[in-house]
Amino acid sequence: YDYILPKFKIRFLLADDPGAGKTIMAGLLLKELKFRGAVERTLIITPPNLVSQWINEMRNRFGEEFVEMNRAVMNSLPTRNPWLEWNQIVTSMDFARQVEVRESLREAEWDLVIVDEAHKMSAYQHGEDIKKTRRFQLGEAIGDKTFHLLFLTATPHKGDPNNFRLLLTLLDKDLFANMDILTEAVRRRENPLFLRRMKEDMVGFDGRKLFPEREVITVLYELDHELELYNAVTMYVSELFDRALKQNNRGVGFAMMILQRRLASSIRAIKASLKRRRDKLKRIYDTRASLTVIPPSEREIEDLPEQDLWKMEMEAEGATFDFNGEALEKEIQHVESLIKLAEETEKRGEETKLRELRRLMQSEQLQETGEKIIIFTEHKDTLRYLVENLEKWGYSVAEIHGDMDQSQRKKNEEDFNKKDGKQVMVATEAAGEGIDLHWNCHLMINYDIPWNPNRLEQRMGRIHRYGQKKPVVVYNLVAKNTREGQVLAKLFEKLEVMKKQLGSDKVYDVIGQLFEGIRLDCLLQEAVAGLRSVEELAETVSGLVEIDEETFERIKMSSLATKYIDIGRIRRKIEEGKARRLVPEYVEQFFRQAFKSFGGTLVKRKDGLFRIPYVPADLRKTRHRSTGEIYERYSKVAFRKEEATKVPDAELVGPGHPLFDSVLEKTLEEYAAELEKGATFYDPEMRL
């Protein structure tokens, strides 16, 4: 805050690690600017699954009431611009990016805009051509309509320096107009608008680390009775992928990689995909009309909501070449044989991967200890398969996936987070960002390894975050006798070497940046298609830059970002603040007397706190502009921070609390005439 607040016009990217408290820092900034009278109208833009979370955080932690802007609200005001109806709004990034919504948003002016997961506002440069996503265009629209602009993201750099530079241009169009300027800024360690701190660097005032240790373990296993199916499907995929490359048919290439990723996930998933492909090919054969699929680029896929991605993948599974009756008939027969092989493989017994999962869970003694665990997969079919088997094994299971509505996701998240709630969470990437699952869980298994390395970092951030009490353990399941598995095994081996070179697990916080200039998804595609030997690709991974602390600083671009905090100076400022603050006894004495004079009552509780059975209506009739809503009654009221922190849900009443501020304003109104006389001393007992 010492760095941000002195700025007259705040344009800033806060890029601390996942779980480092960026939401809290944004809320504190909002409160400070409101107290200074610098902010009245605030807009928060966030991914769809985080809208309700932001509303709750702002209300519960900061006493700030925000309205959700969505299609229903907009339709209810057909003749007015809804963005002008409220001063504090939270909206979904995917709602606001729609053209007509974005245009209506251009008509509103804001004092402060906060964008969560701002890296999703992406653009990509190829030569002189810049491809702007609709989210990026939203960023351009709001940048011109707000005075203060704060971006939040844990993954600002996707391994593409130009993508990162374009994100920064949304904050300041001219500061990093080209890569040369950005490169020079890194060299000179200039930092006008970027703060990034790693969890491993964060310490408390006592010097102790704020985050526990994290151990990432690669679990290698070999396909057994599934190997025949794996080889057969991979051969089919590689043949069609190679043909697609030669004919520049991106649709078929996209469809083949969908099949391969689902093959690596589970037999359930690949069988479902093969059946859908067979059915689509049959329809094409019957209608004599080929299906042309124009898939998005891999960069665009990264930004798609999971539900949209799944829908697109299912449509693409039928992509084929120009209609050829004889060739298509042969392919349908081939796919039929693969489906039959998948069904036969299922009957041969439990999948090796599932067996490995059960072994890991038994090694952690979960059923004996009741410890919770999160299991990540990429596909809904595999999720259902896992849930069915986990429940057979006697575990209680919650799930989160992209086809769930937000209310159901929130309920399942709460069911898992409760100490006596569900023991296992099975989730897809829908749970990979923005939700807190660390309250009672420190174990994770990546059942499927994402081909986008940034997603690994995001997943780990669900449990390796501030407030975690136990060392975090993450298991990565890798089939070492598959083409993609051999490349992934080499990757994790290399990361382990880097971890030893650094002397810490920081390397897992910058996985995406390590691949600058190298696309992991492309390496895995080449492995599957046989375009390069697995040994050659493994060598490419092994050739990733050797890492030391200096190289690490360059990779995570902290030379552009302020990260070191002068703890000694902060301690001195805190002590100065304590010396200057209003003494809690005075605050309590003022409030009790003033509140009583306006008809209020405080009742002492056995634990030393107070309860307020009723707040007079004239104190509640208007919501305080800067601090929030006033309730009719309060069950737990404290006037000292030390007391409030000991009792769950206690209200700390003092300057900045809505009820206190309302009493203060009422006092100033009632006694304004007396105050205008200057200093006046009263002797109630008339003894002078």
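Analyst: Happy to! Let's begin with strand pairing: strand 11 runs parallel to strand 14 (residues 441-446), and the two are joined over 4 bridges. Within that pairing, Lys372 sits opposite Cys441 of strand 14. Keep in mind that this is a predicted model.

User: Which other strand pairs with strand 11 in the parallel sense, and over how many bridges?

Analyst: That is strand 13 (residues 424-427), again parallel and with 4 bridges. Here Ile375 is the residue to look for, as it stands opposite Val426 in strand 13.

User: How should I read the two faces of a strand?

Analyst: In a regular strand, side chains alternate between the two faces of the sheet. For strand 11, Lys372, Ile374 and Phe376 lie on one side, while Ile373 and Ile375 lie on the other, and both faces are covered.

User: Why is strand 11 described as largely enclosed by the rest of the structure?

Analyst: Because 5 of the 5 residues in strand 11 (residues 372-376) are buried. The cut-off behind "buried" is a relative accessible area under 20%.

User: Let's turn to helices. What span does helix 1 reach, and what is expected at 1.5 Å a residue?

Analyst: Helix 1 (residues 22-35) has 14 residues and reaches 20 Å from first C-alpha to last, close to the expected 20 Å. After helix 1 comes Gly37, with a positive phi near 75°.

User: Which residues of helix 1 are buried, and what covers them?

Analyst: The buried residues are Lys22, Met25, Ala26, Gly27, Leu29, Leu30, Lys31, Leu33 and Lys34. Their cover includes strand 1 (11-14), strand 2 (42-46), helix 2 (51-62), strand 4 (88-92), strand 5 (110-115) and strand 8 (146-152).

User: And Glu414: buried, partly exposed or exposed?

Analyst: Glu414 counts as partly exposed, because its relative accessibility is 44%, and that class falls between the 20% and 50% cut-offs. You will find Glu414 in helix 18 (residues 406-417). Ala398 is 16 residues away from Glu414 in sequence, and their C-alpha atoms are 9.5 Å apart.

User: Finally, which residues form the nonpolar patch on the surface?

Analyst: Look for Leu664, Leu668, Tyr671 and Leu675, which together have about 370 Å² of accessible area. One of these patch residues, Leu664, belongs to helix 29 (residues 658-670). Leu664 is partly exposed, with a relative accessible area of 33%, and patch residues need over 30%.

Notes: Residues numbered from 1 in each chain as written. Predicted model: local features only at pLDDT ≥ 70, side-chain atom pairs only at ≥ 80, totals over all residues. Heavy atoms only, no water. Buried < 20%, exposed > 50% of the residue type's maximum accessible area, 1.4 Å probe, protein only. Expected span 1.5 Å × (residues − 1). Contact = heavy atoms within 4.5 Å. Patch = residues over 30% accessible without salt bridge, like charges linked within 9 Å, V, L, I, M, F, W, Y side chains within 5 Å. Areas by Shrake-Rupley, 256 points an atom, 1.4 Å probe, with all protein chains shown as cover. Salt bridge = Lys/Arg side-chain N within 4 Å of Asp/Glu carboxyl O. Pairing = 2+ DSSP bridges.
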